[in-house]
Amino acid sequence: SQTPAMKHTPVVMGLHAATSYRIHVTATDGTGASLSDTLDLETGPLPPFLAGLETLISDAERMQPGYTLFSGTVEEETYSAAVDGAGEVVYFSSGLGGNFVPTSAGSYLAETTHGGPLIVTDLRGQSMGATLTPQDYNTPTFHHTPGISPEGNYLAIGVEMRTIDGYPGAGDGTSYNVIGDLFFEIAPDGALLREIALLDLLDPHRTMGGFDNSFWNMDFPAAEGGTKDWSHSNSIASDPLDGGYVVSVLHQNWVVKLNHDTDTLLWRLGPEGDFDLAPGGRWSRIHHGAVPLPGGRILLYDNLPTDPPLFSRAVEYTLDPVNGIATQTWEYQAEPGGITDPMGEVHPLDNGNILICDSSMAEEPNQDNGPTWARLVEVTYPGTSEEVFRLTLKVQDGGPKMRGCKISSAHRIPSLY
């Protein structure tokens, strides 16, 4: 520190587990006098539940420089960890187990628990900004992956319940408690800037797989007859072209774009949407983590395509809104192929490569038990992609629906500080 004081708390990051270190410390007062000492320490081991963590490929010359920071759960233990360019673990914490996105250097907008706040934190766990409590924005919970606007505002997904009738087969006078998503843009000081309700923009009677899911009953316990999971959006991001919101709407099988100034729907990407798919491509059927890119491109994690081979993949579509054509311009499916049910992410990197997060893989959809693995892969782009980084996390018994082993979010960051 440049400010004279009698007490300092320096933080040392980037150490390896179960390793001996000697740290040399020098303190200098305002007159220039110095005092030095050394400190010997040995770091602790990684927890046993990360025993299945292994880096298989690490091509430092072709990788995006920095550290790979990721978070998730293994056998109900939450964690966040980072590996260096050689694939060695240099950071571990029991926090940040859910979805997170980097904000400014050294801070992260992160989930806490279901119904809990979004927080802005650094890797030491220290608060770096406002705590966003969902109840303050009239929603019982924030959920899934938040985003950051070009202005540095926070983008969050909440939920609301509306009682709606007129569903086919429901019978005269029968209504459902329908859960739709709310999209918030919030200033760093916590002020609400915008709120958009998806039920105002899409047909609430269009129901796809997952509509009968009881996931939101915990948030609306007084809903008679339970709730219907109509949209279940899982990511929100700003389009660099115009700042519009691009949202992955899982239970509609669409990626949608919203005009954030007029609260209107601009387009729907996917089957029965606003684009015809050019020959040679495959629609995504279940997807996560839609990322808008320059040139009208949309990058997303496709959990289960509409056509074989039915393995999870990263995929890119280039959109022509004038002619209503979507062209699949790139895809990558790592070997061995698998299906990740809970989630997944894909991120463009500064050097042009793409980082893919296979969140929780299994051999069959909805596999209840057996070996499961999570995987991070960095590949070259464009053209024929080659892997330059591969990290796997394995457990022999994945538990119910593969959630025994999961990487929720992953990002390449320039520094741990």
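## Close-up views

**Ala18, in the segment before strand 1 (20-28).** Although Ala18 is not a glycine, its phi is positive, at about 50°. Strands here are DSSP runs of E with at least two residues, and helices are runs of H or I with at least four residues, both numbered from the N terminus. The model is a predicted one, in which local features need pLDDT of at least 70 and side-chain atom pairs count only at pLDDT 80 or more, while totals for chains, interfaces and linings use all residues. Residues are numbered from 1 along each chain as its sequence is written, and side-chain values use heavy atoms, with hydrogens and water left out.

**Asp263, in the loop between strand 17 (254-259) and strand 18 (264-269).** Asp263 is a residue other than glycine with a positive phi, near 55°. Its relative accessible area is 36%, so it counts as partly exposed; with a 1.4 Å probe and protein chains only, buried means under 20% relative accessible area, exposed means over 50%, and partly exposed lies in between.

**Thr141, in the loop between strand 9 (119-121) and strand 10 (147-148).** Thr141 is buried because its relative accessibility is 0%. A polar atom of the Thr141 side chain lies 2.9 Å from the backbone nitrogen of Gly115. If residues up to four places away in sequence are not counted, Thr141 touches His114, Gly115, Pro134, Ile157, Gly158, Val159, Trp216 and Asp219, where contact means heavy atoms within 4.5 Å.

**The second largest pocket, with a volume of about 980 Å³.** Of the 38 residues in its lining, Val101, Pro102, His347, Pro348 and His411 are the closest to the centre of the pocket. On a 1 Å grid over the protein atoms alone, a pocket is an open set of points with protein on both sides within 12 Å along at least five of seven lines, unlike a cavity, where a 1.4 Å probe fits but cannot get out; lining residues have an atom within 4 Å of a point. Grid points are joined across faces, edges and corners, and the volume is the space filled by probe spheres set on the points. At least two lining residues are supplied by each of strand 7 (100-102), strand 10, strand 15 (233-238), strand 20 (284-293), strand 25 (345-348) and strand 29 (405-413), and strand 20 gives the largest share, 5 residues. The lining has 22 nonpolar, 13 polar and 3 charged residues, where Ala, Val, Leu, Ile, Met, Phe, Trp, Tyr, Cys and Pro count as nonpolar, Asp, Glu, Lys and Arg as charged, and the others, Gly among them, as polar.

**The open sheet of 5 strands in the order 19-23-22-21-20.** The pairing in this sheet is mixed. Strand 19 (276-277) and strand 20 stand at the edges with a single partner strand each, so one side of each has no neighbour in the sheet. Two strands pair if DSSP finds at least two bridges between them. Strand 20 pairs with strand 21 (residues 297-305) in the antiparallel sense over 7 bridges, and the bridge partner of His288 in strand 21 is Tyr301.

**Strand 26 (residues 354-362) and its pairings.** Since 9 of its 9 residues are buried, strand 26 is largely enclosed by the rest of the structure. Strand 26 pairs in the antiparallel sense with strand 24 (residues 339-340) over 2 bridges, and with strand 25 over 4 bridges. Thr340 has Met361 of strand 26 as its bridge partner, while Val346 stands opposite Ile356. The hairpin of strand 25 and strand 26 has 5 residues between the strands, and in this hairpin Gly352 takes a positive phi near 100°. Strand 26 and strand 27 (residues 372-379) run antiparallel and are joined by 6 bridges, with Trp373 of strand 27 as the bridge partner of Met361.

**Glu378, in strand 27.** With a relative accessible area of 0%, Glu378 is buried. Its side chain makes a polar contact with the side chain of Asn353, at 2.8 Å. A polar contact is a pair of N or O atoms within 3.5 Å; within protein, one must be able to donate a hydrogen and the other to accept it, and residues adjacent in sequence count only if both atoms are side-chain atoms.

**Cis peptide bonds at Pro309 and Pro382.** The bond from Pro308 to Pro309 is cis, with omega near 0°, and Pro309 is placed in the loop between strand 21 and strand 22 (313-320). Tyr381 and Pro382 are joined by a cis peptide bond with omega about 0°, and Pro382 lies in the loop between strand 27 and strand 28 (387-395).
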